[in-house]
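Please open the model in your viewer and keep the sequence panel beside it.

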Amino acid sequence: IARKELDIPKSLFAMTVPIHLNKMQKSDMKSFIRSLFCEPGMIDKNMRVDGDVADCIYECTKGCPLFTERVVFWAMRKKIIELDESRNRVVINSTLHGYPIGRLRGLLPAQLNEEILEVLNNLPHQEMDALKVACCLGTMFRIERFEALKYEGFYESLLAVIASHGIFDKIDVEHYKWKHIAVFEAVESIIISNERIEIHGRIADALNPLTVDHVEGDAQFARHYSMAERWKEAYSQYMEAGKKAERNLDFLGALSLYKQAESCLKQMEGQPSLEQMLSPRIALGLCLRELIRYDDAEIELEYCLNATNNVSEENKASIEFIETYLKVITALATLKQAQSKYLEAIELYDRALPIALENQGLHSQVWLASHVAAYAEILRKSGNVFKAKKLHSEALEYRTTAVEMGACTVLELASSYTQLGCTLFGLGDFSQAFNFHKKALVARVEHLDFHHSLVSESLNYCADVLQSMGNGKDGIALGMHAANIRKTAFGAFHPAYAHALSVLGSCYHSIGRSYDALELLEECLDICEVAFSMSHANLIPNLMLYGSILRVTGNLHKSRSVYERALTIHKKNFGDGNEKQRKGIEDLLLDEMTLITNPKMKAPLDMPIPSIQLESEKEHLLICVDVGSRPSDEYMLSVASSLQQMGILQLVGVICVCPPQVERADMARGAMDSLLLSDVPVAFSGVSTDQINNNFGLMFKSDYGRPSPHVNNSGVELLTRALKSAPDKSLVLMCSTCLGDAAEVIDNNPSLFSRAVKEVIILGSVKPLKRSKYLEPEECGVALWDSYAKKVYRHCQKMKIPTVSLCRDISRGFPFPCNYVDDLATSNHMVGIKVQQNEEMYINSQWELAKLKQENGLFDNQYRKVVDSKSFCKYSLGNQTPINGQGNVWPLVKSIDLELTLGLMCSLPQYREAHFKWETHLVNGTY
């Protein structure tokens with residue numbers, strides 16, 4: 001379930017090169033040996049390597065480059081091989097001629113350890129002891145943690161070894177790393193068992209003067225105690241390290257640590273207490289539950305329950321037993337809840353809660369609140385939401401008291417806010433539910449990293465409530481971030497990610513984008529079918545939503561079977577115990593059956609055109625641009641979203657031009673969904689691309705650009721639909737690069753274009769105006785696109801449609817420094833982060849290319865714009881020149897390419913008049 005490896009983000013994938021390190025072939029080895037006999041950079045290609053030399057070394061090293069290098073240098077020192085200068089050939093020493101080949105192989109070290117140890121064995125005793133201690137510390141270590149070892153002379157000896165042999169790399173003042181793992185393994189091989197115990201004991205003693213904050217919960221410290229055979233301390237450290245791993249959501253790591261703690265118990269002298277014996281197994285059960293390994297968790301926790309039942313009656317009155325028994329039955333109750341065995345969970349907590357209340361004097365308010373809230377959650381999941389609300393309110397009071405006393409932070413309150421929000425949602429009080437979820441979100445964002453799983457939980461619940469309140473558009477933006485965080489934190493096969501997909505799907509479904517919702521629900525159910533049993537209660541809401549989506553998208557037969565399955569699972573889990581919920585699902589199923597037998601029209605794939613109304617303060621804009629050609633293009637979309645929220649702009653649609661159009665459209669669709677523009681349709685240009693040069697195919701990709709079935713219109717189709725729905729002279733058209741879609745609409749329906757278009761904004765320069773001639777665009781280098789541009793310009797001037805042209809390099813030197821872009825990323829919005837990362841990578845790559853051109857006269861025509869170091873420094877860096885050798889010039893950047901954003905601002909008269917200087921021409925009575 002947990003993530004096993006990091007995925008390369010899509011935005012970086014195009015810039016990565018996979019590297020595979022394989023063993024050398026014999027022919028490669030000959031070249032490698034030849035290079036070792038030559039001066040660096042002066043390889044003699046005429047030098048030859050004797051076949052016996054290559055055979056011996058290859059048989060010994062098996063093609064390992066590092067081992068080959070060490071063996072060759074060792075054999076040179078021992079004068080086993082030499083360079084015969086008369087023949088310019090690497091040969092076996094003449095004194096060894098006649099030796100059998102097998103005996104020659106025996107002269108070479110059989111392992112890399114042998115060659116390394118020959119050098120290390122000559123070290124003074126103190127320096128060799130320092131190497132052994134460093135080996136026991138691990139491949140990386142911080143010396144400041146081991147003050148006592150410093151006083152033993154370890155530090156001075158370590159510095160002496162570094163000075164004489166360079167075995168370690170010094171990462172910072174106190175942080176060291178073994179330079180070669182082979183040397184580490186060689187030293188490790190000569191430490192005998194008793195010596196190892198003694199060294200780890202010294203390391204453990206060096207930890208004693210440290211404060212608990214430095215030591216507690218460190219798996220490496222636990223290992224030192226264990227290797228020193230100090231089992232009691234090792235047990236405690238492994239348990240604390242496991243708890244720390246759990247807090248960091250590393251449940252697989254915690255699982256391993258708790259197993260280590262359990263193994264330490266078996267080595268301890270005397271009989272461990274009941275608490276010591278069961279604590280690792282309780283913790284294992286809780287971790288296994290988080291990893292959706294319910295059967296394994298049940299085995300661990302049932303073992304613990306049986307162990308408590310076997311305790312004699314006289315010992316059951318002890319505090320230790322009561323505390324341990326409470327941990328066991330509450331852990332088992334939460335497992336039963338996760339398995340949707342609610343009656344068993346309630347029965348267990350009916351036994352646990354009175355014990356907790358009776359012993360509350362021994363614990364904090366937070367401890368008591370956690371037990372009350374856990375019981376309330378079981379009741380909520382089982383359908384008893386009224387009693388759950390009462391208990392959650394009680395838990396909130398306990399936590400509020402604890403916060404006022406300074407016993408905990410507001411993060412504890414966030415737990416109660418979330419639980420109360422979910423309970424009120426179940427009662428249908430969406431407004432109050434949203435208020436509580438919002439309070440939890442604010443507290444968590446303030447105290448945790450934005451990408452923490454608890455932040456994603458609050459984002460997810462806020463999105464769910466918003467779509468239930470009829471605001472699915474806002475819900476989509478929150479849900480996308482929640483799903484993104486959960487996928488990273490838990491992995492792509494965890495139920496937490498599946499829940500985020502379900503919520504996001506419900507948001508899309510609520511705004512009419514049911515085909516997007518369909519794909520999300522199918523992915524969600526694929527995860528749930530693996531993670532849960534076939535009759536798990538968590539499947540019910542997902543199946544109900546899936547059935548609704550199937551019906552709307554026209555798959556009536558499958559919709560019916562999905563609803564029937566949901567009802568079957570509900571009856572199996574709840575029986576007749578929750579009559580109201582059962583009847584609600586049955587009534588909904590009957591309603592859906594009626595709709596199936598008398599179906600309404602199938603939901604359309606085409607997204608509706610936003611309403612275009614003549615308002616004096618609002619411009620209606622349709623954008624037809626090459627989104628993704630510049631690293632900051634999505635910034636234009638975020639500005640458009642802000643202007644729309646301000647009531648200044650109404651974005652009618654976005655058409656993505658220039659190949660790869662479909663990928664650009666998918667990227668724009670994802671960005672717009674996250675920017676509260678999910679109701680604005682997106683299309684891709686359908687004009688011919690046969691004549692397009694690869695220079696126009698560059699695109700900065702994103703992680704949120706997933707394909708959408710609702711991106712189904714061609715640019716001509718979307719533009720035509722928008723023009724038909726627009727009142728006279730109401731639509732502003734903004735274009736860049738390729739004007740093919742506008743040109744085709746003009747060919748097909750020139751009167752429609754002339755009637756509806758108020759103004760055209762074109763990002764591109766024009767030729768100087770000649771007397772009695774129309775304005776003409778400058779050529780872009782693609783004949784087909786030039787013909788489209790001429791057609792649009794000519795038609796607009798003939799039909800008296802005002803046309804605004806922005807010169808091609810308008811954004812060069814525009815004052816927008818790097819710290820503005822960095823500020824965007826601090827918002828933690830996925831678009832802001834993507835723009836910042838892409839801009840920084842792009843700027844640095846342009847600088848490297850500029851240096852190459854300046855030094856070697858090179859120019860990579862893969863880039864659309866000419867890179868020149870002088871103009872780069874002038875326009876991008878504000879006339880600053882980086883110091884020699886500087887690779888990262890991002891902190892110096894004073895201007896980034898905001899071509900599309902400037903075009904957007906130009907489309908608004910109030911900004912155009914205030915911030916742009918124009919050269920105005922009157923053509924055919926129109927400016």
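Begin with the whole protein chain: among contacts (heavy atoms within 4.5 Å) between residues at least 6 apart in sequence, 70% join residues at least 24 apart. This is a predicted model, in which local features need pLDDT of at least 70 and side-chain atom pairs count only at pLDDT 80 or more, while totals for chains, interfaces and linings use all residues. Residues are numbered from 1 along each chain as its sequence is written, and side-chain values use heavy atoms, with hydrogens and water left out.

Colour next by secondary structure, which comes to 41 helices and twelve strands; these are DSSP runs numbered from the N terminus, with helices (H or I) of at least four residues and strands (E) of at least two. Of the 927 residues, 51% are buried, meaning under 20% relative accessible area with a 1.4 Å probe, protein chains only.

**First sheet**

Select β4, β6 and β5, which form an open antiparallel sheet in that order; two strands pair if DSSP finds at least two bridges between them. β4 (140–142) and β5 (168–170) stand at the edges with a single partner strand each, so one side of each has no neighbour in the sheet. β4 pairs with β6 (residues 175–178) over three bridges, and Phe141 has Tyr176 in β6 as its bridge partner.

Move on to the open sheet of six strands, ordered β9-β8-β7-β10-β11-β12 with parallel pairing. Its edge strands, β9 (682–684) and β12 (803–806), each pair on one side only. Strand β8 (residues 649–656) pairs with β9 over three bridges, and Ile655 stands opposite Ala683 in β9. Helix α40 (residues 899–906) packs on the sheet, touching β7, β8, β10, β11 and β12, with its direction at about 155 degrees to that of β11.

**Nonpolar cores**

Finally, show side chains for Ile623, Leu651, Met672, Met734 and Leu904, which touch the most other members of the largest nonpolar core, a set of 163 residues; a nonpolar core consists of buried Ala, Val, Leu, Ile, Met, Phe, Trp, Tyr and Cys residues joined through side-chain atoms within 4.5 Å. What is Met672 in contact with, leaving aside its neighbours within four places in sequence? Its contacts include Leu637, Leu651, Val654 and Val682. A second, separate core of 39 residues includes Cys624, Cys735, Leu739 and Val745.

How values were computed. Buried < 20%, exposed > 50% of the residue type's maximum accessible area, 1.4 Å probe, protein only. Axes fitted to C-alpha atoms, helices over the stretch in contact; angles between N-to-C directions.
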